[in-house]
Amino acid sequence: MDRGALAAHARSAPERLLSVLAAFDHTHAALSLSDISRRAGLTLTTAHRLVGALTEWGALERDPAGVYHVGLRLWEVAALAPRGLALRQAALPFLEDLYEATHENVQLAVRDGSEVVYTEWLSGRSAVGVLVRVGARWPLHVTGVGLALLAHSEAELQEAYCAGPLAAYTSHTITDPTRLRRTLADVRRSGVAVSSRQVTDDALSVAAPVRGPGGAVAAAVSVVVPYADAQVPVLAPAVRLAARGISRALGWRPQSRGDRPAQGAAGRDVHGENAGP
């Protein structure tokens, strides 16, 4: 038995099963059995047995060409996640209102570790192009929703994130830990996060945190607009209003004036250069 086979054999049965599911992602949505075997690091025999079990249960589906896709049974289970379908259903009316007010890309996202995961996305034909789809992941520091979520995360997580490597996607991406810490402090003061040209050179996003019943930040909502036409002072109140509406739909109630989103610092510059990244 070679070293790769030994390593695969050493993994527990649940780990091997999960490695089959982890072989699928947005760029590998359809895989042959040999593809799954290679990407999961399993022997073909083991992959065949696990894929068969997952297909029988409904987690995977096999098309007439013999290619496997994620099955509806897995989607049904995933829909039960409280940060998934339930959050989207509560948020959708407010996301639609924000879209009607702006006719730009509107997004809802949650934090998963050091990444932001998009759970809903509304877009118009003329809206600026974005590298986002439902289920997509991005590092927290490069997007408006990510900054809003990171700014309201535990202090230990923030410090660990700022100290770690900060990936760059454009020349405007924040890669300096000190600047990121200042940006997060500004997000907490202003109540909104502004990410300017961090992922692409032509887009700017304005985001606000969404709170759950206990007041903790559970998600973030944003609008993404062309950088050249961005008017942060106009967009920030609309995004705050949407976030506040979603928060109330989730059961949040402000206990005092101090619980309310601040109104001050957002939009000092029309392009957000002084109000975020």
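Reader: Okay, I'm new here. How many helices and strands does the protein chain have?

Author: There are 10 helices and 8 strands in the protein chain. Keep in mind that this is a predicted model.

Reader: And what share of the residues counts as buried?

Author: Of its 277 residues, 45% count as buried. On contacts, take those between residues at least 6 apart in sequence: 57% of them join residues at least 24 apart.

Reader: Let's do the sheet. What order do the strands come in?

Author: The order is β5-β4-β3-β8-β7-β6, in an open sheet of 6 strands with antiparallel pairing. At the edges sit β5 (137-139) and β6 (193-196), and each of these pairs on one side only. From one strand to the next, the twist averages 30°.

Reader: What actually holds paired strands together?

Author: Strands of a sheet pair through backbone hydrogen bonds, and the pairing can be parallel or antiparallel.

Reader: β8 looks interesting. How many bridges does β8 make with β3?

Author: β3 (residues 105-112) and β8 (residues 217-226) pair over 5 bridges, in the antiparallel sense.

Reader: How many bridges join β7 and β8?

Author: β7 and β8 share 9 bridges, again antiparallel. One of the partners in β8 is P226, which is bridged to A203. The hairpin of β7 and β8 has 5 residues between the strands, and G215 in this hairpin takes a positive phi near 100°.

Reader: Is β8 mostly covered or mostly open?

Author: Mostly covered: 8 of the 10 residues of β8 are buried.

Reader: Which helix packs on the sheet?

Author: Helix α7 (residues 144-151) does, touching β3, β4 (115-122), β6, β7 (203-211) and β8. The direction of α7 makes about 150° with that of β8.

Reader: Switching to helices. How do α2 and α4 cross?

Author: The axes of α2 (residues 13-22) and α4 (residues 44-57) cross at roughly 80° and come within 10 Å. Angles of 65 to 115 degrees count as roughly perpendicular, so α2 is roughly perpendicular to α4.

Reader: Which residues meet there?

Author: From α2 you have R16, L17, V20 and L21, and they meet T46, R49, L50, V51 and L54 of α4. Sorted by class, the contact of α2 with α4 has 6 nonpolar, 1 polar and 2 charged residues.

Reader: Which residues of α2 are buried, then?

Author: R16, S19 and V20 are buried in α2. Looking down the axis of α2, the buried residues fall within an arc of 105°, so they line one face of the helix. P14, L18 and A22 are exposed on the other side of α2.

Reader: Why would residues a few places apart end up on one side?

Author: An α-helix has 3.6 residues a turn, so residues three or four places apart point the same way.

Reader: Tell me about S19. What does S19 touch?

Author: S19 lies in helix α2 and is in contact with R11, A40 and L42, leaving aside its neighbours within four places in sequence. S19 counts as buried because its relative accessibility is 11%, and the cut-off for buried is under 20%.

Reader: What about L92, where is that?

Author: L92 has its place in helix α6. With 28% relative accessibility, L92 counts as partly exposed. Leaving aside its neighbours within four places in sequence, L92 is in contact with E120 and L122. L92 and L122 are 30 residues apart in sequence, and their C-alpha atoms are 9.4 Å apart in space.

Conventions:
Residues numbered from 1 in each chain as written. Predicted model: local features only at pLDDT ≥ 70, side-chain atom pairs only at ≥ 80, totals over all residues. Heavy atoms only, no water. Pairing = 2+ DSSP bridges. Helix = DSSP H or I, 4+ residues; strand = E, 2+ residues; numbered from the N terminus. Axes fitted to C-alpha atoms, helices over the stretch in contact; angles between N-to-C directions. Contact = heavy atoms within 4.5 Å. Parallel < 35°, antiparallel > 145°, perpendicular 65-115°, else oblique. Nonpolar A, V, L, I, M, F, W, Y, C, P; charged D, E, K, R; others polar. Buried < 20%, exposed > 50% of the residue type's maximum accessible area, 1.4 Å probe, protein only. Arc of directions from axis to C-beta.
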